[in-house]
Amino acid sequence: MLLVTSRESKRWVIPKGNFGSNIAPHAAAALEAEEEAGVRGAVCPTPIGSFRYRKRKGSGASLMADVDVFPLAVSQELDDWKERKQRERRWFPLAEAANAVDEPDLRDLIRSFGASEFNKAARRTGVLHAVAQKSKVGPMFAWFQRLLPKTGGFFELFEAHAVALVAAADATGRLVQGGPAIAENAREVFEREHDADQIIREVLKTVRETFLTPFDRSAITALIGSMDDAIDEMQAAASAIQLYEVRDFDQEMKDMAAIIVDCARLVAEAMPLLREVGANGGRLHELTERLVRMEGHADEIHSAGLKKAFQAHRNGDAIQFIVQREIFKHLERIVDAFEDVANVIDGIVIDHS
């Protein structure tokens, strides 16, 4: 996570500032990030939370300020920016970033990007291994494991697919920003989709060959299928952008792409937690609730973007409207697929908590 120093006290903070009524809050946050930290990228229009801190005014008064926090996936670091000589910027590991800031609520928000329990869940050992350790039988217990039916490596496959999903989402976010690297970003989406296809084939093969599965077989196929639907629609969006030679993107498209980037991050956080659904049910529900809320926000942005495109072209270039509608359609379907992922996870939590 990138932090900057404040101009006066030189403590570590996130870029922030006031904004007027003529600019959306997340757009203002992106502008502050560019001015204070010299970074650009896809900023999600749905805030991840808020915190309060006391800000000293020029008059000497120290007043409370409420800050909404928006996640921005950095795709470009500038060599020169507005406040380069006034601030230091530095990338921190998440735990160090949380410890570096003063505000307790901001610490919690930073930790929510990669809480230690996620990594802990990903490193859990199996039940049989735990029994062997507690009973002190050690390697002698291994013979019993070999007699049991195979249970497959489903969790590893889920997490591998999530890695491809996050990478494709990041490439989609950069793609919709436009610029000279459109072809390269589209190519990465295609390559990541190919990686995901190989993983889903392995999942389906493993489902057929495995005697014991961690969840109901239909839940496994629904989960990996909905994740794959998301990355397939990313590929469809990239294909449409290349086919129609789109070079300029509406702000609503950029906002939807930023939501997609954050949705992929949340899904990637959820996958390791499925290894112990009972223990992690509360956190999984928090993640799925946020995914559903972001899908609703994306629907609003999608409607607003379509209406603006229609009004811009109702008396002119109908082809341009059709192209924009096609891009919006794929972006909406990506977010819809993430909502499907959330619904499947909720079903698993209900069945296994």
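Visitor: Which residue does Ala 42 stand opposite in strand 6?
Guide: Ala 42 stands opposite Ala 73 there, where a strand, like a helix, is a DSSP run numbered from the N terminus (helices are H or I with at least four residues, strands E with at least two). This is a predicted model, in which local features need pLDDT of at least 70 and side-chain atom pairs count only at pLDDT 80 or more, while totals for chains, interfaces and linings use all residues. Residues are numbered from 1 along each chain as its sequence is written, and side-chain values use heavy atoms, with hydrogens and water left out.

Visitor: And how many bridges join strand 3 to strand 6?
Guide: Five bridges join strand 3 to strand 6 (residues 72–77), and the two run antiparallel; two strands count as paired if DSSP finds at least two bridges between them.

Visitor: Is strand 3 mostly covered or open?
Guide: Strand 3 (residues 39–43) is mostly covered, with four of its five residues buried, where buried means under 20% relative accessible area, exposed means over 50%, and partly exposed lies in between (1.4 Å probe, protein chains only).

Visitor: What about the other sheet, in what order do its three strands come?
Guide: The order is 2-1-7 in an open sheet with antiparallel pairing, and the edge strands, each pairing on one side only, are strand 2 (12–13) and strand 7 (89–91). Strand 1 (residues 2–5) is joined to strand 2 by two bridges in the antiparallel sense, and Thr 5 has Trp 12 in strand 2 as its bridge partner.

Visitor: What's the phi of Lys 10?
Guide: Lys 10 has a positive phi of about 60° although it is not a glycine. Most residues other than glycine have a negative phi. Lys 10 lies in the loop between strand 1 and strand 2, and its relative accessible area is 44%, so Lys 10 counts as partly exposed.

Visitor: Switching to helices: at roughly what angle do the axes of helix 10 and helix 12 cross?
Guide: The axes of helix 10 (residues 251–273) and helix 12 (residues 318–352) cross at roughly 20° and come within 10 Å, which means that helix 10 is roughly parallel to helix 12. Here axes are lines fitted to C-alpha atoms, for helices over the stretch in contact, and angles run from 0 to 180 degrees between N-to-C directions; angles under 35 degrees count as roughly parallel, over 145 as roughly antiparallel, 65 to 115 as roughly perpendicular and the rest as oblique.

Visitor: Which residues of helix 10 and helix 12 meet?
Guide: On the helix 10 side they include Met 256, Ile 260 and Val 267, and on the helix 12 side they include Phe 328, Leu 331 and Phe 338, where contact means heavy atoms within 4.5 Å. The residues of this contact divide into 17 nonpolar, one polar and two charged, with Ala, Val, Leu, Ile, Met, Phe, Trp, Tyr, Cys and Pro counted as nonpolar, Asp, Glu, Lys and Arg as charged, and the others, Gly among them, as polar.

Visitor: Is His 302 buried or exposed, and what does it touch?
Guide: His 302, which is in helix 11 (residues 277–313), counts as buried because its relative accessibility is 10%. Not counting residues up to four places away in sequence, His 302 touches Met 256, Phe 328, Lys 329 and Glu 332.
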